[in-house]
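Please read the following points with the model open beside you.

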Amino acid sequence: MTAHPRGENPGSPAADPAAPPVPPYGPGAGPDAVGGSAGPDATPPPAGTDSAETAAEAAEAGPPLEAVGSDDSASDADGTASDADGSDGAEGADGAEGAGTDAEGGAGDGGGAEGGGAQAGVSDAEAELAAQRELRERIERRKAERGGPIASGTKLSGRAADLLAAVRAVESGEKPAVTFPDSPAPVAAPRRVAPPPVAPVRAPVAPPVRAPRVAAPETVAAVRAVLAEGGAPEALAARVANALGESAGELLREDPWRLLAVAGVRPEQADGFARALLGAACVPGDARRTDALVVWLVERAALQGHTALDAAAVRAALAERSVPDPDEAVRHAVAEGAVLVFHDEEQEEDLEETDGEAGAAEAADDGKSPVLLGLDRYAMAEESLADGLARLARSGPDPRWAQARPQELARAVAAQGLVVHTGGEAARAEPVALAEAARGAGLRAAVAVHSENGRRRLGPEVDAVTVAALLSGAAGPGRDEDGAFALDLLVVLDAPQLDVEAAAMLVESVPDGCRLVLSGDPHVLPSAGAGRVFGDLLAARVCPQVASRTPDPGPVGELVSGIGVGELLQVDAPGREVVIVPVRDAGEAVHRTVQLVADSVPRALGVPVEQTQVITVGHGGSAGTRALNAALKQRLNPGPGRFGGFDPGDRVAYAEAPGRTLQGTVVSADAQGLHLDCEGRPERVVVPKERVESLVRHGWALTAHQAAGMRWPAAVAVLPGDAVGGLSRAWVYTAFSRGERHLSVVHGADQALPRAVAEPPGADRVTRLRGLLEAVPEPVEE
């Protein structure tokens, strides 16, 4: 049997064809809205970026005027970037930001955003967003106390930093010494040691979630007037007001390019809007424009999974957008603090002899070595994560684990507080067994997974929780008085799906003395959010790494194991565990996929339709999720789609939070919204009607990024010929490994499949975590 699939890509030919051009804002605005030729859209990520991650296609292909005003520009149902213009992107992390923006701002669509109020109750997604806000605030406070940038692994943090700051205040005379009677006496143990075994107090990570911010009516009215004057859709008013605050109208009039702060707005649209407001004063080199473009480029790269972007790529993209002096534009953006600049240690020493921001701006243009630009939110998350991982990696031996099972993993945990465990689906049993052994020994242990699907697969006896529920406090252990988990061992499965912000929150919550095991398959696609935490940690080699020797069983396991090392093997499948279905074109691919799901797999293998999952390259294109879901709905649950395109009984994918897909079934709809019966949720989930379009998709077919961290009894991987540009070894590995008992490959990619599998995986994302971890100095032995 020969396997032939591949393809996941946000900017591949699988995207929807023949999307109409996006009209810029402003009367008479054309391609040269700001003067000169705007040039082709530039793709900032450096060469080697995994196309499967490139959600930039969605961000790049801006929606038409009316589409930008709707929530569709915020996110797709899988948390990836929207493709309101009809062009698809690959899946990836693109749009995760948009979804997050929508969730925090409560933007809704058009008018719905203006009149919408806070939703009753606190959902897991809202709790998680609140936890993220708390983390950022905590890091910002800590960074301010330190008086400078965070130096990973070299400065105090947490309570120790608070005490040091207080001592300095007393020494400087700012604070009387009587403020210290409650300070704890010095102890030998490190900070935030896990408390002794007691009944944990269940408490959420964050204080009660604040209601989504809704701008005042007068603010929205002021913004609407400015938008109308500039020829932009007035439906954007509420979203602009929420993004810019109570002075949004004045700010937008003073700087029309602030419109780019709204998800889904493209530079040419902002240029047309600015020209309508500023007239002849609107020029391509305006510093307001260049600052906004630099931020937009870096934000778009973050949606593709990058936590930073090469300054040279930014300059090239600025040049293609008619910026007359890209070098000066980058220097100005750095000097103004619009973005941060990062450089190596040698450059750091050079900068100490220069004038702070000016030196940093010069470094962004010296060309000696790669200089990175990034956003402060990801910079703080990566630095905090590096500090936390280094803290755990420095934990000393703990004899309590020496006799636990499995022995190899237990020895690693006994030696150090941070351990990385790698392996496929069958290998998950090893860290789970360690957690069970810990519980049997009277220790406090928890197992966390990426999705409800993963929790179900482990069974109720494991008592696993999702990472989102663990961070929000909805499930899992309680927290001690410092906000740390009341645990002796935390096992995190599906660790490659951790983005840098979620990982930073997680590690921040692990107390000293607790062991952290990050387990996952290094060959799968990385997280939908920014960062490459698991891959960077493996590459940095700052902690023990235990590679499982337990292979995934059966023909599917054999096939997938070969893909992991770059070989597309022929496997014996006597029970039709692996079936290759060749097709000539995308139309035949859709036809054969429906036939497999509705008839062949249930009849020949006894796997019901609801336990078979279709996986394809992207949302758009003639055999993307939209086309496949439309055909599958027509066959499996035909109906008029009277609830925003959905009918009771439709299988759906609900983007509960950016990058996290929850599968469910439509139950009903009313004035409140769409009612869903979702996996792992005892109560029905209600999606507000103004957010259905942006958060819910039909779910018979998913992208590989949506499917990562989940598995089904049967999977059908669809590889049409127009998906060739999106294929990579990671995509093929992820898609092919989603079937537990059976895999059908609808194959029209010809030789592109074996080429993709054979090609070594590259550095698909630009991140700083590996460098930060490798720069952590070795602990000094006393």
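1. Helix α7 passes helix α8 in a right-handed crossing; a crossing is right-handed if the near helix is turned clockwise from the far one by less than a right angle, and left-handed if anticlockwise. Helices (H or I, at least four residues) and strands (E, at least two) are DSSP runs, numbered from the N terminus. This is a predicted model, in which local features need pLDDT of at least 70, side-chain atom pairs count only at pLDDT 80 or more, and totals for chains, interfaces and linings use all residues. Residues are numbered from 1 along each chain as its sequence is written, and side-chain values use heavy atoms, with hydrogens and water left out.

2. The axes of α7 (residues 217-230) and α8 (residues 237-244) lie 8 Å apart, at an angle of about 115°. Axes are lines fitted to C-alpha atoms, for helices over the stretch in contact, and angles run from 0 to 180 degrees between N-to-C directions.

3. On the α7 side, Thr 219, Val 220, Val 223, Arg 224 and Leu 227 meet Ala 237, Ala 238, Val 240 and Ala 241 of α8; contact means heavy atoms within 4.5 Å. By class, this contact has 7 nonpolar residues, 1 polar and 1 charged (Ala, Val, Leu, Ile, Met, Phe, Trp, Tyr, Cys and Pro count as nonpolar, Asp, Glu, Lys and Arg as charged, and the others, Gly among them, as polar).

4. The model has 7 cavities of 30 Å³ or more. A cavity is a set of points on a 1 Å grid over the protein atoms alone where a 1.4 Å probe fits but cannot get out, and lining residues have an atom within 4 Å of a point. The largest cavity holds about 240 Å³. Among its 22 lining residues, Glu 425, Asp 494, Asp 521, Val 524 and Arg 738 are the closest to its centre. The lining comprises 6 nonpolar, 8 polar and 8 charged residues.

5. Two backbone details deserve a check. The peptide bond from Arg 405 to Pro 406 is cis, with omega near 0°, and Pro 406 is in the loop between α16 (376-393) and α17 (407-415). Asp 463 has a positive phi, near 55°, in the loop between α19 (452-458) and β6 (465-466).

6. The average pLDDT (the predictor's confidence in each residue, from 0 to 100) is 78 for the protein chain, and 69% of the residues score at least 70.

Conventions:
1 Å grid on protein atoms, 1.4 Å probe; cavity = no way out; pocket = protein on both sides within 12 Å on 5 of 7 lines; lining within 4 Å. Points joined across faces, edges and corners; volume = space filled by probe spheres on them.
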